[in-house]
Amino acid sequence: KHIAQNPDVSVTIPIAKRIPFLPWIKIPAATITFPGIATVLDNQNAPAEIVNKLHEGTQLSKEAKAASVIIQIKPTKSFVTYGIGVSLQKMRDTEKARGRAAVG
């Protein structure tokens, strides 16, 4: 309900990083963050192949599936990254670990 009233959102996606053969060493996750405009779609207004794929393998009742919604997010401005495409050594320097890519 909140997203339908205020569609300005921000999404952060963490990406786990680890050292092969040394999994006990803790390393901060890399991240991708972007602002966007969200649209709430009910199952009747969303593409059928997406609805089917999202519900694939779930054991939801027909009523629960019908009551669910899909949130479509269109990125705006730019993607901000941390630790993407840099070595673990460079992640120690926040200036070198950060990146930005324009949308579109």
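Predicted model: local features only at pLDDT ≥ 70, side-chain atom pairs only at ≥ 80, totals over all residues.
1. Confidence. The protein chain has an average pLDDT of 90, and 100% of its residues score at least 70. Among the elements of the protein chain, β1 has the highest mean pLDDT, at 96. The lowest mean, 83, belongs to helix α3, which covers residues 62-67.

2. Elements. The protein chain contains 4 helices and 5 strands. Read from the N terminus, their order is α-β-β-α-α-β-β-α-β.

3. Overall dimensions. The radius of gyration of the protein chain is 18 Å, whereas a compact globule of 104 residues would have one near 13 Å. The C-alpha trace spans about 50 × 35 × 25 Å along its principal axes.

4. Surface and interior. How many of the 104 residues, as a percentage, count as buried? The share is 17%. The accessible surface of the protein chain amounts to about 8100 Å², and carbon and sulfur atoms account for 58% of that surface.

5. Contacts across the sequence. Consider the contacts in the protein chain with a separation of 6 or more: 58% of them are between residues 24 or more positions apart. The next two points give particular examples of residues that meet in the structure.

6. The aromatic pair. The count of aromatic pairs comes to 1. Its members are Phe34 and Phe79, whose rings lie 5.1 Å apart, centre to centre, with 55° between the planes, and the pair is classed as tilted. Phe34 belongs to strand β2 and Phe79 to strand β4, so the pair ties together parts that are 45 residues apart in sequence. Are the two residues buried or partly exposed? Phe34 has a relative accessible area of 10% and is buried. Phe79, at 24% relative accessibility, counts as partly exposed, because the cut-off for a buried residue is under 20%.

7. Ser78. This residue lies in strand β4. Ser78 counts as buried, with a relative accessibility of 12%. Which side chain makes a polar contact with the side chain of Ser78? The partner is Arg100, at 2.8 Å. When residues up to four places away in sequence are not counted, Ser78 touches Thr33, Phe34, Pro35, Arg100, Ala101, Ala102 and Val103. Phe34, a member of the aromatic pair, is thus among the residues that Ser78 touches.

8. Positive phi at Phe21. Most residues other than glycine have a negative phi. Phe21 is not a glycine, yet its phi is positive, at about 75°. Phe21 is placed in the loop between β1 (8-15) and β2 (30-42). Its relative accessible area is 77%, and Phe21 is therefore exposed.

9. Positive phi at Lys77. Where is Lys77 found? Lys77 is in the loop between β3 (69-75) and β4 (78-82). Its phi is near 60°, which is again a positive value in a residue other than glycine.

Notes
Residues numbered from 1 in each chain as written. Heavy atoms only, no water. Helix = DSSP H or I, 4+ residues; strand = E, 2+ residues; numbered from the N terminus. Buried < 20%, exposed > 50% of the residue type's maximum accessible area, 1.4 Å probe, protein only. pLDDT = per-residue confidence, 0-100. Polar contact = N/O pair within 3.5 Å; in protein donor to acceptor, adjacent residues only side chain to side chain. Contact = heavy atoms within 4.5 Å. Phe/Tyr/Trp six-rings, centres within 6.5 Å; stacked < 30°, edge-to-face > 60°. Rg over C-alpha atoms; globule rule 2.2 N^0.38 Å. Areas by Shrake-Rupley, 256 points an atom, 1.4 Å probe, with all protein chains shown as cover.
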